[in-house]
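Please look at the model shown here, one chain at a time, and then at the place where the chains meet.

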Amino acid sequence: MVDVSQHELVPDHVLLDPEEVDEVLAEYDVTRTNLPKIKRTDPALPDEAEVGDVVKIVRNSRTTEEAVVYRLVVS
Amino acid sequence: MTEYDHVTDDIEAVVEATELPARLKDEVYEAIDRKAEETGEVTVEQATDIATGVENRYVETRVDPLDPVGTVSAQSIGEPGTQMTMNTFHYAGVAEIDVTQGLPRLIELVDARKTPDTPMMTVHLEGEYATDRQKAHEVVWSIEATRILALGDVSTNVADMLVRIDLNDDTLLERWPTHSDPSEVAGIIAETIEDSLGVDTRQSGTVVEFGPNEPSYRELLQLVERLREIVFKGIEEIERVVIRKEEIDGDEEFVLYTEGSAFGDALDIEGVDASRTTCNNIHEIYRNLGVEAARETIIDETKNTLEEQGLDDVNVRHLMLVADIMTNNGEIESIGRHGISGSKDSVLARAAFEVTVNHLLDAAIHGEYDELDGVIENVIAGKPISLGTGDVDLRMGSRVVGDD
């Protein structure tokens with residue numbers, strides 16, 4: 001099977017600890033469900049990700065060097 | 001703040017007081033720290049200058065509060081869209097492959113069609129496959145669907161109820177480079193025919209013969225029809241592959257362009273660089289690489305479509321917004337009745353878009369409520385909309401200027 005994370009279209013997906021999630025939610029003043037979503041079955045997700053987790057995605061941005069976004073893992 | 005040696009409590013207080021988001025604050029700390037490392041010290045005044053400088057730039061580049069970014073994007077893509085060609089087909093710049101362009105392609109993208117009109121892949125190769133023409137051709141043959149007519153001549157002998165295939169030696173060896181004996185390859189082909197048509201074959205050298213199990217004229221003709229459909233090598237969906245030598249980052253390498261796409265299958269083929277190969281079907285990208293890659297592809301494809309038409313001054317942020325919205329819920333949603341616009345909470349907003357009566361009828365049957373928070377609802381109701389100045393309350397003090 002091909003290693004999806006190696007593809008240049010796929011940015012890094014990193015699982016966040018619960019404390020980090022709280023920090024993020026506090027910074028943007030949003031609730032978990034306000035975040036963009038990502039499916040549990042998404043091929044780019046780390047294997048250990050579970051529904052309810054939040055992943056941090058570091059994109060190579062077109063408008064700045066790096067853009068950090070967060071997605072909530074949903075079923 | 002322990003991470004930075006030269007950031008004092010005073011400097012920290014200054015930076016923390018700015019409106020910057022946490023990530024930019026960290027960068028400011030880093031910059032101050034680096035500067036202090038070089039020059040010995042950064043005073044609080046200097047730090048204040050740095051922090052306010054960064055803050056000013058940040059505030060300037062922000063979208064104004066209550067700015068209707070979606071509407072601005074819609075206009076900014078829609079107006080250039082009026083100048084696009086309505087012609088569906090013409091040959092694209094690369095590799096003589098027909099690609100849908102212009103308005104039809106843009107519509108296809110925002111509609112998130114399951115399969116594009118003209119699916120194609122750009123296959124990059126790795127290692128020596130990319131530099132050696134012979135090796136590159138090996139990959140071509142394992143991608144392009146090889147059917148019987150490409151391999152030899154088919155003739156029907158009605159008198160003996162036989163189909164006879166005269167395979168071409170050179171073609172066989174060319175397409176099966178790992179074999180050196182044409183009759184060996186003919187054996188593989190005969191086996192494939194037996195498996196897919198359910199008939200017995202006779203093979204001598206590179207000639208393969210077979211007939212219907214029961215003598216029947218109709219059966220014979222049908223066998224020939226079905227024989228033409230069998231894919232002996234390659235991927236069924238790929239009709240044609242064009243090989244081109246291109247210069248990428250100063251190096252020359254072979255790149256394959258395919259008519260038809262089967263992204264998942266192509267990535268598994270030996271010699272294919274699975275880190276750079278792409279295709280123009282956003283759903284195939286989504287299935288194989290995930291939602292983030294799909295978002296990236298939507299931006300790329302819409303951007304290229306606009307650029308191809310000479311409309312390259314559309315700001316990429318508008319396209320990024322479109323891609324963000326389309327991938328917001330973790331899968332690709334189309335923009336329109338069946339996607340984003342159809343899933344709005346407000347009944348009136350949905351009714352205002354398309355199929356008005358159906359939406360109102362459904363809403364009446366289900367006893368739906370409308371909170372009237374959105375723009376369209378308030379336009380319909382004749383109230384100020386909650387955007388721009390419409391959502392700002394003005395407060396005035398009673399103090400007269402010069403009163404102090």
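From the N terminus on, the elements of chain A follow the order β-α-β-β-β, where helices (H or I, at least four residues) and strands (E, at least two) are DSSP runs numbered from the N terminus. The radius of gyration of chain A, taken over C-alpha atoms, is 13 Å, close to the 11 Å that the globule rule (2.2 Å times the number of residues to the power 0.38) gives for 75 residues, so chain A is as compact as a globular protein of that length.

This is a predicted model, in which local features need pLDDT of at least 70 and side-chain atom pairs count only at pLDDT 80 or more, while totals for chains, interfaces and linings use all residues. Residues are numbered from 1 along each chain as its sequence is written, and chains are lettered from A and ligands numbered from 1 in the order in which they are written.

The contact between the chains takes 24 residues from chain B and 21 residues from chain A, two residues being in contact if their C-beta atoms, placed from the backbone, lie within 7 Å. On the side of chain B that touches chain A, H13(B) gives the most, with five residues.

Within chain B, B:Val69, B:Gly70, B:Ser73, B:Ser76 and B:Ile77 in H4(B) meet B:His318, B:Leu321 and B:Val322 in H14(B). By class, this contact has four nonpolar, four polar and no charged residues, with Ala, Val, Leu, Ile, Met, Phe, Trp, Tyr, Cys and Pro counted as nonpolar, Asp, Glu, Lys and Arg as charged, and the others, Gly among them, as polar.
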